[in-house]
Amino acid sequence: MAVLNRMDWYDLARSTNWTPKYVTEDELFPPKLSGEFGLPLSAWENYDEPYKQTYPEYVKVQREKDAGAYSVKAALERSRIFENADPGWKSVMKAHYGAIARGEYAAASAEARMMRFSKAPGMRNMSTLGCMDEIRHGQMQLYFPHEHVSKDRQMDWAFKAYDTNEWAMIAARHFFDDIMMTRDAISVSIMLTFSFETGFTNMQFLGLAADAAEAGDHTFANLISSIQTDESRHAQIGGPALKVLIENGKKEEAQKRVDIAVWGAWKLFSVLTGPIMDYYTPLEHRKQSFKEFMEEWIVAQFERALTDMGLDLPWYWDIFLKDIGQTHHGMHLGSYFWRPTLWWNPAAGVTPDERAWLEEKYPGWNDTWGQCWDVFIDNVVDGNMAMTYPETLPYVCNMCQLPILGVPGKGWDVKDYPLEYNGRLYHFGSEVDRWVFEQEPERYAGHLSIVDRFLAGMIQPMDLGGALQYMGLAPGEIGDDAHNYAWAEVYRALRETRKAG
Amino acid sequence: MALFPLTSNFEGDFVLQLVPVDTEHTMDEVAAAAAVHSVGRRVRDRPGHILRVRRHGSTELLPRNLKVAEAGFKPTETVDIVWQAA
């Protein structure tokens, strides 16, 4: 029997829509879940996905992708790549798996919301495949690290992190809960797939795949490249939805969702990806600085994606352009200084050679962040380790849940952006974080940051031990310097030379 | 006498930090409590300087012997801790 070509039947099959007779349209597609944009079913039938795939095609391609990634893993299982890897690279893997794997699983439910509740038939088809993608990503990124759990307890955080109150996980959950777990189907398509996946996961996965290959970790490189091929397909779910909204006079609503999601994604990447690229990755394996990567992937490409769509650049674009050269240095210094509260061992990345690279990529680094590191390095060289650890909490932002920070040293410029709402004083790390809160205060007002929880007596005893227990960090899991401070030897030697001279 | 949380924005440091003080503390004592978490950890000491407190973003220094209870701070309000030549 002759089989029709896909394009001879695809549009007709996927647009064969129900016409509800026994229930109203609002009962079939409750506005809270389908999107309160006031657009009828007919408007959404114009949704035209750029990437068309049928279920049999999907199964065939995915099977091949899985076979590829799993066979590389099987072939390299005895290679001792993990055992021999630079400790900084192990930290990259630990941070990535913990922050990402279970989030992918959660994303399957966001995709499922689009699959069931979107009024656009094409979106329902795309997100059916997207939902299966996310289940696959969750499973792979739990299965791949599992072989290392017996060698290194921190690897257990690939599974464990998402259920804990570790501060970075509170930040990740706050963001993903906001953009994908508690939004209607159309908003998910804009905030998760268009804003987050088109803009940012590209960078995390392409950037890391390149770094992994450089570091000789071909299992990891293959895994995340395999995932990225799915992302680049289902990230296209949001674009056509934006088009429908703009064509129907809903640009303002669409723009606001983009602006909120892009900012949150940026803050999360400044703490997760920035330190990895500019500090953890061994100097000889760095291809580009984080800022250069951001400029290529976000500023150049995403800017074009926005304007091609008929949207404006977010109102805060100038603030964002300034931040991409600054914020992640503070996020690195902060996460490193509070290192017992991490489930990975951060690499300091501040040897004289690394500092020369930082100064070249970020002119003025030595006079700003370098000033703080100078004090830290002196303490390590002097063996004054007590002073290299914190004795209080950094104040965190009530929106992004990350430390409120700015430029230190000679360029000192650190600002709080406070707001009093219903008698409670909230603190924000930027004008944009505060703006997001102000768009829908009741959505966010009840959340307690890690500092709010501490002040409310929810963390007992009120010291580092109590905080680590609250965050679920057991002995053997708490973070410390990735290289056991071996990098400080060069500074010790320099000091000896100076003394001898 | 009551514990009172303030947020320290310490000159030369990179991050805001939670600093518990007492309502009976003077501004000099607030500055000293904030310094514990910055000076010698990420900010070098400045001999010949003292530390002063001001409301966040203000240029006006608060009197050195002003008490926390008298300053009218809100709990967790951010204060700038800045160096002043002695």
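Reader: How many residues of chain A are in contact with how many residues of chain B?

Author: In this predicted model, 28 residues of chain A are in contact with 25 residues of chain B, a contact being two C-beta atoms, placed from the backbone, within 7 Å. Local features need pLDDT of at least 70 and side-chain atom pairs pLDDT 80 or more, while totals for chains, interfaces and linings use all residues. Residues are numbered from 1 along each chain as its sequence is written, with chains lettered from A and ligands numbered from 1 in the order in which they are written.

Reader: Which elements of chain A give two or more residues to the side that touches chain B?

Author: Helices H17 (327-337), H19 (369-381) and H22 (450-455) of chain A do; helices (H or I, at least four residues) and strands (E, at least two) are DSSP runs, numbered from the N terminus. The largest share, 5 residues, comes from H19(A).

Reader: What is the division of that side of chain A into nonpolar, polar and charged residues?

Author: It has 19 nonpolar, 7 polar and 2 charged residues. Ala, Val, Leu, Ile, Met, Phe, Trp, Tyr, Cys and Pro count as nonpolar, Asp, Glu, Lys and Arg as charged, and the others, Gly among them, as polar.

Reader: Why is H14(A) called roughly perpendicular to H17(A)?

Author: The axes of H14(A) (residues 251-280) and H17(A) come within 8 Å and cross at roughly 90°. The range for roughly perpendicular is 65 to 115 degrees (under 35 is roughly parallel, over 145 roughly antiparallel, the rest oblique), so H14(A) is roughly perpendicular to H17(A). Residues making the contact include A:Ser270 and A:Tyr279 of H14(A) and A:Thr327 and A:Ser335 of H17(A).

Reader: Why is H13(A) described as largely enclosed by the rest of the structure?

Author: Because 7 of the 10 residues of H13(A) (residues 238-247) are buried. Buried means 20 or more other C-beta atoms within 10 Å of the residue's own (exposed is 12 or fewer, partly exposed is in between). The buried residues include A:Pro240, A:Leu242 and A:Leu245. Helices H4 (41-44), H8 (121-146), H11 (185-214) and H14 of chain A are among what covers them.

Note on methods. Axes fitted to C-alpha atoms, helices over the stretch in contact; angles between N-to-C directions.
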